Amino acid sequence: MADLEQRVDRWLWFARLLKSRTLAASLVTSGKLRLNGERVSKASRIVKPGDVLTFPLGHHVRVLKVLAPGTRRGPAPEAQALYEDLAPPAPRTASDPEATASRDPGSGRPTKKERRQTDAFHGLNDE
């Protein structure tokens, strides 16, 4: 059973959720990570397949189910096989203000007409 267990900071690093093991350890010691609903404060805490990790990452709260321990910090597809995302981000809807006012990346600068439409959307018209 020992080969199916791994330190939580090491697992987070193997799963490519954080850029370094030091960042993973600092996330754990900050007390923001929960393992099966319990707050974890030591990076040496052991995770095994079936455990559920909950922690903030960026602007989202990640909820991940551990599927396997990591053996190395390999490429992204290999890292994504270590966990199952239980809380995928919600798709944007038409009622979401960011979805209607956003531009596609790489589409260049807005034209005058697009800029007027954006200003009207945000209520910034001079008229």
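1. A friendly place to start is the end of helix 2, where Gly31 follows the helix with a positive phi, near 85 degrees. Helices here are DSSP runs of H or I with at least four residues, strands are runs of E with at least two, and both are numbered from the N terminus. Please keep in mind that this is a predicted model, in which local features need pLDDT of at least 70 and side-chain atom pairs count only at pLDDT 80 or more, while totals for chains, interfaces and linings use all residues. Residues are numbered from 1 along each chain as its sequence is written, and side-chain values use heavy atoms, with hydrogens and water left out.

2. Which residues of helix 2 (residues 21–29) are buried? They are Ala24, Leu27 and Val28, where buried means under 20% relative accessible area, exposed over 50% and partly exposed in between (1.4 Å probe, protein chains only). Viewed down the axis of helix 2, these buried residues fall within an arc of 95 degrees, so they line one face of the helix; the arc is that of the directions from the helix axis to the C-beta atoms. An α-helix has 3.6 residues a turn, so residues three or four places apart point the same way.

3. What does that face meet? The buried residues of helix 2 pack against helix 1 (8–14), strand 2 (33–35), strand 3 (38–40) and strand 5 (52–57), with contact meaning heavy atoms within 4.5 Å.

4. The structure holds 2 aromatic pairs. In one of them, the ring centres of Trp11 and Tyr83 are 6.2 Å apart and the planes stand at 75 degrees, so the pair is edge-to-face. (Rings of Phe, Tyr and Trp, the last by its six-membered ring, pair if their centres lie within 6.5 Å; planes under 30 degrees apart count as stacked, over 60 as edge-to-face and the rest as tilted.) Trp11 lies in helix 1 and Tyr83 in strand 7 (residues 83–85), so the pair ties together parts that are 72 residues apart in sequence. Both Trp11 and Tyr83 are buried.

5. Now the sheet: 5 strands form an open, antiparallel sheet in the order 3-2-5-6-7. Strand 3 and strand 7 are the edge strands, each pairing on one side only; two strands pair if DSSP finds at least two bridges between them. Within it, 2 bridges join the antiparallel strands 2 and 5, and Leu35 stands opposite Leu53 in strand 5.

6. A last stop is Asp119 in helix 5 (residues 112–122). Asp119 is buried, with a relative accessible area of 19%. Leaving aside neighbours within four places in sequence, Asp119 contacts Leu124 and Asn125.
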